[in-house]
Amino acid sequence: MAFIISGGTVVSYAEALDVRDKDQRIFEANELDFTNVPDAPGSLDNYLEDLTTKTTGRINAKIKASSKWKSYLSYTGTTFDINTVPAFDPDRIKSRQGDFTDLCAYGTLYMYVLPKVADFGNPESAEVQKIQFFEKKFNELFDELMSDFTWYDADDSGSVTDAERMVTYQPTRRTRSKRSTARVS
């Protein structure tokens, strides 16, 4: 459970083993045929690591496109033009690496691996259900990470200072009133 780093840069948040650990059955039953892909890799692990690299790129793009990323940049005093939002730098992740590994494994399974074997003609098939399950896990964890910026070193100093921590959880409020309650943040 470690990031794949090449040349001092994070290229993937997960290894092949991390993906295999999330759903072992699909790999043990040999349901996945990686030999029919363009530029077929030498092994299933190489193929999975290619997919985790692709998923990592997708996660980074999703973070950059999120409104929470723009809010975080403003919070830390980073100046940017709305048309040139700075890219997310995965080398600045200083904590919660395990969560990024899980996020990458969930994304790899629901975006790339399970669609190869799913029977989309049958919405009740196990693989379609798993795609929905892993997509939900991915989105929940992504939203959690975007609400809790205590893991990113914005100034690249080597540690996350209090000025770089932004938590945007909004606690739920219970009420017994029959009228709706509006909240202003």
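## Overall make-up

The protein has six helices and four strands. Both are DSSP runs numbered from the N terminus: helices are H or I with at least four residues, strands E with at least two. Starting at the N terminus, the order of elements is β-β-α-α-α-α-α-α-β-β. This is a predicted model, in which local features need pLDDT of at least 70 and side-chain atom pairs count only at pLDDT 80 or more, while totals for chains, interfaces and linings use all residues. Residues are numbered from 1 along each chain as its sequence is written, and side-chain values use heavy atoms, with hydrogens and water left out.

## Surface and contacts

Of the 185 residues in the protein, 38% are buried. Buried means under 20% relative accessible area, exposed means over 50%, and partly exposed lies in between (1.4 Å probe, protein chains only). The accessible surface of the protein is about 10700 Å², and carbon and sulfur atoms account for 48% of it. Accessible areas come from the Shrake-Rupley method with a 1.4 Å probe; for residues, only the protein chains shown count as cover.

Contact means heavy atoms within 4.5 Å. Take the contacts between residues at least 6 apart in sequence: 62% of them join residues at least 24 apart.

## The N-terminal hairpin

Strand E1 (residues 4–6) pairs with E2 in the antiparallel sense, over three bridges. Two strands pair if DSSP finds at least two bridges between them. Ile5 faces Val10 of E2. Two residues separate the strands in this hairpin, and Gly7 has a positive phi near 65 degrees.

Helix H3 covers residues 44–65. Its 22 residues should span 32 Å at 1.5 Å a residue, and the end C-alpha atoms agree, being 31 Å apart. The expected span is 1.5 Å times one less than the number of residues. Buried residues of H3 include Leu44, Tyr47, Leu48, Leu51 and Ile63. Thr52, Thr55, Thr56, Ile59 and Asn60 are buried in H3 too. Their cover includes strand E2 (9–12) and helices H1 (16–22), H2 (24–28), H4 (67–75), H5 (97–117) and H6 (126–147).

H5 has 21 residues, which should span 30 Å at 1.5 Å a residue. Its end C-alpha atoms are 29 Å apart, which agrees. H5 also bends by about 45 degrees at Leu109. The bend is the angle between axes fitted to the seven residues ending at a residue and the seven starting there.

## Salt bridges

The whole structure holds ten salt bridges. Each is a side-chain nitrogen of Lys or Arg within 4 Å of a carboxyl oxygen of Asp or Glu. In one of them, the side chains of Asp23 and Lys130 meet at 3.0 Å, N to O. Asp23 sits in the loop between H1 and H2 and Lys130 in helix H6, so the pair ties together parts 107 residues apart in sequence. Asp23 and Lys130 are both buried.

Arg25 bridges to Glu127, with the closest N and O atoms 3.5 Å apart. Arg25 is partly exposed at 34% relative accessible area. Glu127 counts as buried at 13%. Arg96 forms a salt bridge with Glu144, the closest N and O atoms being 2.4 Å apart. Arg96 lies in the loop between H4 and H5, and Glu144 lies in helix H6, 48 residues apart. Glu144 is partly exposed, at 34% relative accessibility. Shared partners join Arg96, Asp99, Glu144 and Asp148 into one salt-bridge network.
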